[in-house]
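User: Please take a close look at the aromatic rings in this model. Which of them pair with one another, and where do charged side chains come into it?

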Amino acid sequence: MPLLKKKPFSLAKPPKDLDPRELVYQVRFTKEIFRDYQEYLNRINLYRQRVWACKVTGKTSLTYEEALVSEKRAVEMVQQFPKELMAPALHIIQYSMLSLKDLANTIAETMQKRLFVGAELYGRKENDVFACKITKVLEGPDKIQYEVAWLDKNKKVMEHSLVSREDLIQKKAPFSRNVLKSFIRDSTYRSAPWVIHDKLARNHGISTDLPEELRSQVIFKDGLLVRNMEGKNKRKKIDGERFDGSSMERTKKGDDQQMKEPIKYPIDDLLVQPGADDPIFTDCPSPLRDFNVPLDCVGDLLMVWDFCSSFGRLLQLSPFSLEDFENAICHKDSNQILLLVETHSALLRLLIKDNGEYLLALGKRNKKLKITLINWTEYLCDFLEMIKLPEFTYTATIKRGHYGLLDAHAKLGILRELINQAIQTDIFREKLDSVIEEQQELGATRRGEAIEEARKKREEKEHLKAEADANGVMDQQFLGSVESVAANDNHSKQNGHIEKKRNGKVQQGNALENCETKLSNTASKKKAKKQNLDVEVAADNGKDSSRKEGLKQLKDDKKEAAEKMNKEQRREFYEREMEKRVIHRNPLGKDKFYNRYWWFHRDGRIFVESSDSKEWGYYSSKEELDALMGSLNIKGEREWALKKQLEKFHSRICKELQKRSKEFAHKIAMEEAVVRRSTRVRAPPRENPANAFLRYVNKWKED
C-alpha cells in the first residue's frame, strides 16, 4: 500500500445501501466507489499528485498508480531473496537501531560468509576452477563441508563431490543491496528500531521480546510497537506550568480539526477554487464567428487549407489565403473558379502519379491522363465512383455541371476524402520521410551551434580567469619588490648612522649633510620641471587614452549588438525553416472547458474550437489576445500549459495579427474606393477586393 507523508493511507469504504443498478463513479486502480462526482474528482486529483511513496523501495515523488507499480516490482524482487538466508537476516533486523544503509551492509557482510543449499558459485578442482552448486551442507564438530554438484557450460550436473569452504569461491553476492533494502522494508512495519511483522517472526522462530535497552524508549500498544511518550508529555506539562498556563490551553476544536494540506498547483482546472492570492483576471473575450461556411464545417475548411498550404510544392499548387478559399467554397458558380479547379486537379494528379487504384480505374475507362479546366469534374466523378462512399450521393449533380450548387459540407467532404487518399500514396510518404530528415538535420545544426557557442563562452571565461590570476601574481611580485626596496633603504640608513657615530667626526657629518642638502635641492628643481612636463604629457595622454577607451567601448557595444542580432536572426531562421516543414499541426492548448486553441502563422488569427468540435470562433487583434491571456488561471493544468504556449509565441502572433490588420484596413480602403467610383465607369467584378479569389493563378503548376 503506497504511503502518504510516510504513513499508510486508508481507502474509502463503499457507500452503504448500494443498489446494484445504481450508477456510481469507480477509481480504476483502487476499486473505490463514490456516489458524488466531486468526491470522486477530489480523490482522483489526490492520486495524481506526486506526493506518494513506495512502501517497499522508499521512492518518493510518485503518483499513487506509480507507487503501486513500484511496490509490485519490488515484491517480485524480494521473492528472489534466498529462503535459506531469511531467518539469519531477520534475526539481525529485529530491534536493530541502525540506519537502512548500515543495516543492509551488515546483513550483506554476514551473509557473504554464509553458504546455503542452492547457491551457485565456483570451486577448485584438479588445479582449475569450475562452476558448481551446493546441494547439501554437512556440519561436523571440527569444520563444515559442502556437497556440491559440478556444472558444465549448459548448467547440467556432471558429478558430485565433497569440498571444504576454502575450495569455494563466491565471485558476487547472491543478491544486490537494493533487493536487501526492499526485503528489510517489506519485512518490517516500523524503523528505529526495526520491528518485523509478528506473523513473519512466528514463522521463523524469532523472539518478539523487547531488549532491555529499549524498554524505556518504546512500548507495545494495540499489538504494535510505539514510542513511549509518557515521560515526554510529563516534561511538557511541567514546562507549561512554569508560565501562566496559557501555553497549555488547547481547544478541543483545534485538536480535532485536521490541518488543511497545502495544494500543489497546477491541478485539474475544474477543481481550482478562488483564492485570496489570485491576481485580477480579465473577462475572456467572446470570439468572432462571422464565417461564411457553417460553424461545423470550419474544422474541415482549416484542415484542407492548411494541408494545401503546407504541401503546395508537392502538389504543384501555389498558396492562397484562407478568406479566398472560404469565399471560393461558398461561391455558387464555382465550376469555373480557378482556385477550386486547381485544388481538385492537384490532388487528382497526385493520385494518378502514384500508379495506384485511381489510375487503374481511369485505365478501365480509357481516359486521357490530362486534367483541364473543362474535364476536371469528370475525373472527380470517377474518383467518387471509385471510393463508393454512401454519403457521397451527388455524383449525378456534378456530372450535370452543377458542382457550384453543392453546399459547403459536400464540397469540403470531397476535398477531405481526396486528402485522405493522397496521404496514403507512396509519393506523399516519401515526401514525409524527406521532411523528417530535413527536420533532423536542422535540429542537429542548431544543437551544434549551441554547443559551439557554449564552448566559446567557456573558453572566454577561462581566459578571463587566467588573466585575473596572472594580474594577481604580478601585483604580488610588485608588492614584494617594493617591500625589498624599502628594507634596503632602511638598512642603508642604519649603516650610515652607525658609521657616523663610530668615526665621531661631526663636522664631516655636517659637510655631508650640507652636500646632501644641495644635491637634494638641485634634484627637487629638476624633479619639479620633470613633473610639469609629465603633467602636460599626462594630460595629452589622458585625452588620447579616454578617446581610445571610448572608441574601444563603442566597438565592443557594436560587436555585442551585432552578435545578439545575428543570434536572434539565426533563431528566427530556424523557427521559419521548421515551420515550413511542419508535418502534424497541434493546438496551442486547451482552456478549463476543454476548448482547443489553434494558430496558423499563414493566417495570423487564433481559432477557438469547442470541446465537441461543433462550434468555432477566432481572435483577430492583439487586444483580444492579451485579454485571453489575462483570463487564464495558471493554477489549472490546461490553462497553465495554454498560457505558456501563448507567451512563447506571443511576439510572432502579434506580428502576424498586426500584418493582418494592415491588410484588412487596406482592403476596406480599396472597397470604399470602388464604391465611390462614378456609375458611368463601372469596374469589372474581378477588380473588387472582395472577389480576390476570382483572380487566383496557380504559379507553381508545371505543364
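Analyst: A charge is said to sit over a ring if NZ of Lys or CZ of Arg is within 6 Å of the ring centre and within 35 degrees of the ring normal. The model is predicted, so local features need pLDDT of at least 70 and side-chain atom pairs count only at pLDDT 80 or more, while totals for chains, interfaces and linings use all residues. Residues are numbered from 1 along each chain as its sequence is written, and side-chain values use heavy atoms, with hydrogens and water left out.

Two arginines meet the charge criterion as follows. Arg313 places its charged end over the ring of Trp700, 3.6 Å from the centre. For Arg605 the ring is that of Tyr618, and the distance to its centre is 4.6 Å.

Next come the ring pairs. Rings of Phe, Tyr and Trp (for Trp, the six-membered ring) pair if their centres lie within 6.5 Å; planes under 30 degrees apart are stacked, over 60 edge-to-face, and the rest tilted. This rule gives 25 aromatic pairs. One of them joins Phe9 and Tyr47 edge-to-face, with 6.3 Å from centre to centre and 80° between the planes. Phe9 belongs to the loop between β2 (7-8) and β3 (25-26) and Tyr47 to helix α1 (residues 37-48), so the pair ties together parts 38 residues apart in sequence. Here helices (H or I, at least four residues) and strands (E, at least two) are DSSP runs, numbered from the N terminus.

Buried means under 20% relative accessible area, exposed over 50%, and partly exposed in between (1.4 Å probe, protein chains only). Phe9 counts as buried at 16%, and Tyr47 is buried at 1%. Both residues belong to one aromatic cluster, formed by Phe9, Phe29, Tyr47, Trp52 and Tyr64.
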